Amino acid sequence: MDLINALLPVRCEYCGAQGPAVCAACSAALPWDEHASPDPAPEFDAVFCAFRLAAPVQQQIHALKYRAQFRHAQRLGRLVAQRLARRAAPLPTLLIPVPLH
C-alpha cells in the first residue's frame, strides 16, 4: 500500500493538494447548510439538508444527473455521511433525496 501511495498519492478532489480526498480547507469552503430547520413539518421527526444548492455542489449534482458523472455521487455521499456522523442527533432511519426540477 505504501508503494501505491508513493506512486499515486491521494489528492484533494477539489484543489488537488496532496492529502485527504477532500482537504480541510475545501471541506470548510463547501456550501454546507448550517441552518437546518429546527421545527420540521409534523410528518417528520427531523430534517437534515447537507448543502445549499451553490457552487461547487450544484455543478456536481448537475454533472451527476445530466451527464452521468457518477464519481460525484461517491464524493458527495461520503461528505453527507461524515456530516451526519458528526451530528449530536441520532442517525436517520430514512434518507429521502429531493429531486431537481
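A pocket is an open set of grid points, on a 1 Å grid over the protein atoms alone, with protein on both sides within 12 Å along at least five of seven lines. The model discussed here is predicted.

Q: How much space lies in the largest pocket?
A: Rolling a probe the size of a water molecule over the atoms shows where empty space is left. For the largest pocket, that space comes to about 1,400 Å³.

Q: Which residues are the closest to the centre of the largest pocket?
A: The lining of this pocket consists of 34 residues. By class, the lining holds 27 nonpolar, 3 polar and 4 charged residues. Those closest to the centre are Phe-48, Leu-95, Ile-96, Pro-97 and Val-98.

Q: Are helix 3 and helix 4 parallel, antiparallel, perpendicular or oblique to each other?
A: The axes of helix 3 and helix 4 lie 8 Å apart, at an angle of about 135 degrees. Angles of 65 to 115 degrees count as roughly perpendicular and those over 145 as roughly antiparallel. The two helices are therefore oblique.

Q: Which residues of helix 4 make the contact with helix 3?
A: Helix 3 passes helix 4 in a left-handed crossing. On the side of helix 3, the contact is made by Val-57, Gln-60, Ile-61, Ala-63 and Leu-64. By class, the contact has 6 nonpolar, 2 polar and 1 charged residues. From helix 4, the residues are His-72, Ala-73, Arg-75 and Leu-76.

Key:
Residues are numbered from 1 along each chain as its sequence is written. This is a predicted model: local features need pLDDT of at least 70, side-chain atom pairs count only at pLDDT 80 or more; totals for chains, interfaces and linings use all residues. Side-chain values use heavy atoms; hydrogens and water are left out. On a 1 Å grid over the protein atoms alone, a cavity is a set of points where a 1.4 Å probe fits but cannot get out, and a pocket is an open set with protein on both sides within 12 Å along at least five of seven lines; lining residues have an atom within 4 Å of a point. Grid points are joined across faces, edges and corners, and a volume is the space filled by probe spheres set on the points. Ala, Val, Leu, Ile, Met, Phe, Trp, Tyr, Cys and Pro count as nonpolar, Asp, Glu, Lys and Arg as charged, and the others, Gly among them, as polar. Axes are lines fitted to C-alpha atoms, for helices over the stretch in contact, and angles run from 0 to 180 degrees between N-to-C directions. Helices (H or I, at least four residues) and strands (E, at least two) are DSSP runs, numbered from the N terminus. Angles under 35 degrees count as roughly parallel, over 145 as roughly antiparallel, 65 to 115 as roughly perpendicular and the rest as oblique. A crossing is left-handed if the near helix is turned anticlockwise from the far one by less than a right angle, and right-handed if clockwise. Contact means heavy atoms within 4.5 Å.
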